[in-house]
Amino acid sequence: MATKNGIAGREVYDKKRGLMGRVVKEDGLQITLEFDDGDEKTVKVVTPATFKRWYRLLDEEPQEAPAAEDVPEPETSECENTPSEDEDKPAPKKKANTSMKFPAGAPGVGTQLVEYFRFEVGEYANQDLEYKVSKDGRIVIVKYNGRNVFEITVCKRRINVLCHKKSLTADNLSRATKVYPDKFGWPLSVQYTFTELTDTTKALIRCIITDGLYYRQIVEKAED
């Protein structure tokens, strides 16, 4: 739980692994962090110097902690993604909520979803397309004309896709699973969570892909 002058209980972002978690405990010498990628929970103990380099606190300074008997059991946190370029300032206003529990589909659906997403990106892209994939295959960054347009975190039972808010139509933005606030610090701040490969899912995936690619499309002006 949060202490008056400490960071215990605060929401934290792991910049290396692209995961959201929380600070469980701190004692001045080391900081204990807890992460949940949707399939398993992990605990890491780091020094303050390591914490400062690789982790970012996202939530506001916590209020005075409630009595122990009033504290509810924490919900699981969602899979998250790696940070993107910070060339633009994000505009989302909805506050990040660590108690939000994201849905899960059938085992193995995450692989099917990311394969479909990449196939559709290839169908719509007609300029410079590039993928950056983490060693474990969990993080897929889609770059278009040198810009990050999507960041995909692949879990066994779902995928999470981060998009640029300014690229989305109002209708597609209203269908987002989560919109991160300005303090998230990166332009890809709108998240969609997909748990099944249905016609409805395919239609939404195609919509956000066309939005994202069009936003970074290079338009060549005709010569006079």
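The chain has 4 helices and 11 strands, where helices (H or I, at least four residues) and strands (E, at least two) are DSSP runs numbered from the N terminus. The structure is a predicted model, in which local features need pLDDT of at least 70 and side-chain atom pairs count only at pLDDT 80 or more, whereas totals for chains, interfaces and linings use all residues. Residues are numbered from 1 along each chain as its sequence is written, and side-chain values use heavy atoms, with hydrogens and water left out. Of the 224 residues in the chain, 45% are buried, a term that stands for under 20% relative accessible area, with exposed meaning over 50% and partly exposed in between (1.4 Å probe, protein chains only). Among the contacts in the chain with a separation of 6 or more, 62% are accounted for by residues 24 or more positions apart, contact being defined as heavy atoms within 4.5 Å.

For helix 2, the 16 residues should span 22 Å at 1.5 Å a residue, and the end C-alpha atoms are 23 Å apart, which agrees; the expected span is 1.5 Å times one less than the number of residues. The buried residues of helix 2 are V109, G110, L113, V114, Y116, F117, E120 and V121. Seen down the axis of helix 2, these buried residues fall within an arc of 160°, so they line one face of the helix, the arc being that of the directions from the helix axis to the C-beta atoms. The face turned away from this buried side carries the exposed residues E115 and E123. On the buried side, the packing partners of helix 2 are strand 6 (129–133), strand 7, strand 8, strand 9, strand 11 and helix 4.

Helix 4 (residues 199–215) has 17 residues that should span 24 Å at 1.5 Å a residue, and its end C-alpha atoms are 25 Å apart, which agrees. Its buried residues are T201, L204, I205, I208, I209, D211, G212 and L213, and what covers them includes helix 2 (109–124), strand 7 (139–144), strand 8 (147–154), strand 9 (159–164), helix 3 (170–174) and strand 11 (188–194).

The largest nonpolar core has 28 residues, and those with the most contacts inside it are F117, F150, I152, V161, Y192, F194 and I208; such a core is a set of buried Ala, Val, Leu, Ile, Met, Phe, Trp, Tyr and Cys residues joined through side-chain atoms within 4.5 Å. At least two residues of this core are supplied by each of helix 2, strand 7, strand 8, strand 9, strand 11 and helix 4, and helix 2 gives the most, with 6 residues. Apart from this core lies another, of 10 residues, among them I7, V12, V46 and Y55.

A pair of aromatic rings is described by the distance of the centres and the angle of the planes. Rings of Phe, Tyr and Trp (its six-membered ring) pair if their centres lie within 6.5 Å, with planes under 30 degrees apart counted as stacked, over 60 as edge-to-face and the rest as tilted; by this rule the count comes to 4 aromatic pairs. The rings of F117 and F150 have their centres 5.3 Å apart and their planes at 85°, so this pair is edge-to-face. Because F117 lies in helix 2 and F150 in strand 8, the pair ties together parts that are 33 residues apart in sequence, and both F117 and F150 are buried. Y192 and F194, by contrast, form a stacked pair, 6.3 Å centre to centre with 5° between the planes. Y192 counts as buried at 1% relative accessibility, and F194 is likewise buried, with a relative accessible area of 5%. Leaving aside neighbours within four places in sequence, Y192 is in contact with residues including I159, V161, L173, L204 and I208. Ring pairs also link F35, F51 and Y55 into a cluster.

A further feature concerns the loop between strand 7 and strand 8, where N145 has its place. Most residues other than glycine have a negative phi, whereas phi of N145 is near 55°, a positive value. N145 is buried, with a relative accessible area of 18%, and, neighbours within four places in sequence aside, is in contact with Q127, D128, R216, Q217 and I218. R147, in strand 8, counts as partly exposed at 34% relative accessibility.
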